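Colleague: I have the two chains open in the viewer and would like to go through them with you. Could you take my questions as they come?

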Amino acid sequence: MTRTVTFTKEQIAAYAEASGDHNPIHLDDDFARSVGLPGVIAHGMLQMGIAGTVAAEAAGGGERLRRLVCRFSGMVVPGDRVIFSAEPAGPGKLDIHAVNETGEAVLTKSSAEYV
Amino acid sequence: MTETGVAGRTYPAVTFEIDKDSVAAFAKAIGADPAAGVPPTFAAVYALGATAPQLFGDPDAAIDFAKLLHAEQEFEWMRHPQPGETVTSQGRVASDMSRRGIRFVSFETETKGADGDGICRSRALFVIRQ
């Protein structure tokens with residue numbers, strides 16, 4: 001099960017609004033640069049939300065998910081194209097991967113469990 | 001590794017209504033089907049999002065938001081909440097350690113239903129450069 005997402009500033013802003021996480025590193029390029037980032041970055045929790053949709057599909061429905069673990073290992077910036085995948089890893093278990101177009105893993109050691 | 005800050009601190013429980021319009025907006029933002037019910041990761045809102053501001057606003061915790069990274073997140077669900085349901089979430093600092101100028105704060109949130117049944121356990125690892 002895979003899903004490819006090209007991140008945009010609009011999508012990151014929509015996630016900020018929907019989640020209530022208005023940290024300016026996700027919304028304001030000037031602020032993000034002032035703290036050493038290249039510009040605004042996507043929320044780790046937006047990546048996890050997308051990974052969760054892929055895991056839910058692989059599990060046969062979100063209501064079956066019992067655990068989701070994500071390690072945010074790489075930054076995602078607007079314009080990045082990320083492939084999210086969930087692969088079977090034994091009964092009731094999934095390995096989760098997210099890799100950007102340069103082959104860098106943006107999620108590592110990520111997994112899900114379902115019933 | 002030395003213990004720092006607010007290890008063991010528990011914050012007051014927060015009541016949160018699983019509002020269907022908020023759920024729909026969240027589903028849309030992550031590209032989930034809004035007709036498929038509450039996305040599992042809406043726990044980012046009803047568990048983590050409902051309680052983390054207490055930690056970030058705690059003067060004793062002294063967390064510099066500009067130096068904060070969310071390094072890891074885990075959700076464990078006993079069940080998923082329904083739209084219209086009111087849940088209660090309580091946050092706790094499971095550990096707060098510093099090593100070589102980097103502070104690691106493990107923040108756990110337990111979410112329960114109206115009758116006290118378990119819904120979700122959230123564990124966030126925040127890394128703060130010092």
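Colleague: How many residues lie between S5(B) and S6(B) in their hairpin?

Modeller: In this predicted model, five residues separate S5(B) from S6(B) in the hairpin, and one residue of the turn, Gly116(B), has a positive phi of about 85°.

Colleague: And how many bridges join those two, S5(B) and S6(B)?

Modeller: There are 11 bridges between S5(B), residues 102–112, and S6(B), residues 118–129, and the two strands run antiparallel. One of the pairs is Lys112(B) with Gly118(B), the latter being its bridge partner in S6(B).

Colleague: Which way does S3(B) run against S6(B), parallel or antiparallel?

Modeller: Antiparallel, with nine bridges joining S3(B), residues 68–77, to S6(B); within that pairing, Glu72(B) has Leu125(B) as its bridge partner.

Colleague: Switching to the other chain, which strand of chain B is joined to S2(A)?

Modeller: That is S3(B), which is joined to S2(A) by five bridges in an antiparallel arrangement, and S3(B) is also the strand that pairs with S6(B).

Colleague: What else of chain A touches chain B, going by elements that give two or more residues?

Modeller: Taking the contact as a whole, 27 residues of chain A meet 25 residues of chain B. On the chain A side, the elements that give two or more residues are helix H1 (9–19), helix H3 (44–59) and strand S2 (65–72), and H3(A) provides the largest share, with nine residues. By class, that side of chain A has 14 nonpolar, eight polar and five charged residues.

Colleague: Now the core: which residues touch the most other members of the largest nonpolar one?

Modeller: Ala51(A), Ala55(A) and Ala112(A) do, in a core of 64 residues.

Colleague: Last topic, where in chain B is confidence lowest?

Modeller: It is lowest in strand S1(B), residues 2–3, at a mean pLDDT of 68, and highest in S2(B), residues 14–17, at 98. Chain B as a whole averages a pLDDT of 95, with 97% of the residues scoring at least 70.

Colleague: What ipTM does the predictor give the complex?

Modeller: The predictor gives the complex an ipTM of 0.96, together with a pTM of 0.96.

Definitions and conventions. Residues are numbered from 1 along each chain as its sequence is written. Chains are lettered from A and ligands numbered from 1 in the order in which they are written. This is a predicted model: local features need pLDDT of at least 70, side-chain atom pairs count only at pLDDT 80 or more; totals for chains, interfaces and linings use all residues. Two residues are in contact if their C-beta atoms, placed from the backbone, lie within 7 Å. Helices (H or I, at least four residues) and strands (E, at least two) are DSSP runs, numbered from the N terminus. Ala, Val, Leu, Ile, Met, Phe, Trp, Tyr, Cys and Pro count as nonpolar, Asp, Glu, Lys and Arg as charged, and the others, Gly among them, as polar. Two strands pair if DSSP finds at least two bridges between them. pLDDT is the predictor's confidence in each residue, from 0 to 100. A nonpolar core is a set of buried Ala, Val, Leu, Ile, Met, Phe, Trp, Tyr and Cys residues joined through C-beta atoms within 7 Å. A residue is buried if 20 or more other C-beta atoms lie within 10 Å of its own, exposed if 12 or fewer, and partly exposed in between; C-beta atoms are placed from the backbone.
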